Amino acid sequence: QVYPVESGGASVEAGGSLIVSCAASGYTYTPYCMGWFREVPGQEREMLATVDSSGNTFIAESVKGRFTLFQDNAKNRLFLQMNKMEPEDSTLYYCVVDSVAKRRAYACNKGTWYWDGYWGRGTQVNVSS
């Protein structure tokens, strides 16, 4: 079993910045895809950012210019830096880890690899006006 754990959620004021972190245990392989999603009321979870094992990153158009995805040097942790935060960013943020290491036929912002991925329980972010 793989156990992703998110941390760093907090309450911040509009215009502020926050970094959420994802760490996973229970595996030694390098997941092909990893990503950050967030809850959207009345909709399916929104894909925010992904990265593959080669370091190719994707940022959703809706948050491009404000959010940045990065990893530590050992690629043991996945971070999402959020800048110029808005009240609309208030929600649960989830980390998901791919179940395989083998290269997939599609980029990590495509396909449905996360359907079979390992999900964390989420970290709460609140942005006040």
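These questions and answers look at a predicted model of one protein chain. In this predicted model, local features need pLDDT of at least 70, side-chain atom pairs count only at pLDDT 80 or more, and totals for chains, interfaces and linings use all residues. Residues are numbered from 1 along each chain as its sequence is written, and side-chain values use heavy atoms, with hydrogens and water left out.

Q: What makes up the secondary structure of the protein chain?
A: The chain has 0 helices and 11 strands. Helices (H or I, at least four residues) and strands (E, at least two) are DSSP runs, numbered from the N terminus.

Q: Why is the protein chain called as compact as a globular protein of its length?
A: The globule rule is 2.2 Å times the number of residues to the power 0.38, and the radius of gyration is taken over C-alpha atoms. For 129 residues the rule gives 14 Å; the chain has a radius of gyration of 14 Å, so it is as compact as a globular protein of that length.

Q: Why is Lys-84 called exposed?
A: Exposed means over 50% relative accessible area, buried means under 20%, and partly exposed is in between (1.4 Å probe, protein chains only). Lys-84 has 58%, so it is exposed. Lys-84 lies in the loop between strand 8 and strand 9 (91-97). Its phi is positive, about 45 degrees, although Lys-84 is not a glycine.

Q: Why does Tyr-3 count as partly exposed?
A: Tyr-3 has 48% relative accessibility, so it counts as partly exposed. Tyr-3 is found in strand 1 (residues 3-7).

Q: What does Tyr-3 touch, not counting residues up to four places away in sequence?
A: Tyr-3 touches Ala-23, Ala-24 and Ser-25. Contact means heavy atoms within 4.5 Å.

Q: How many cavities of 30 Å³ or more does a search of the whole structure find?
A: The search finds 1. On a 1 Å grid over the protein atoms alone, a cavity is a set of points where a 1.4 Å probe fits but cannot get out. Grid points are joined across faces, edges and corners, and a volume is the space filled by probe spheres set on the points. The largest cavity holds about 30 Å³ of space.

Q: Which residues line the largest cavity?
A: Lining residues have an atom within 4 Å of a point. They are Cys-22, Ala-24, Tyr-27, Met-34, Lys-75, Asn-76, Arg-77 and Leu-78. Strand 3 (18-25) and strand 8 (77-82) each give two or more residues to this lining.

Terms used
1 Å grid on protein atoms, 1.4 Å probe; cavity = no way out; pocket = protein on both sides within 12 Å on 5 of 7 lines; lining within 4 Å.
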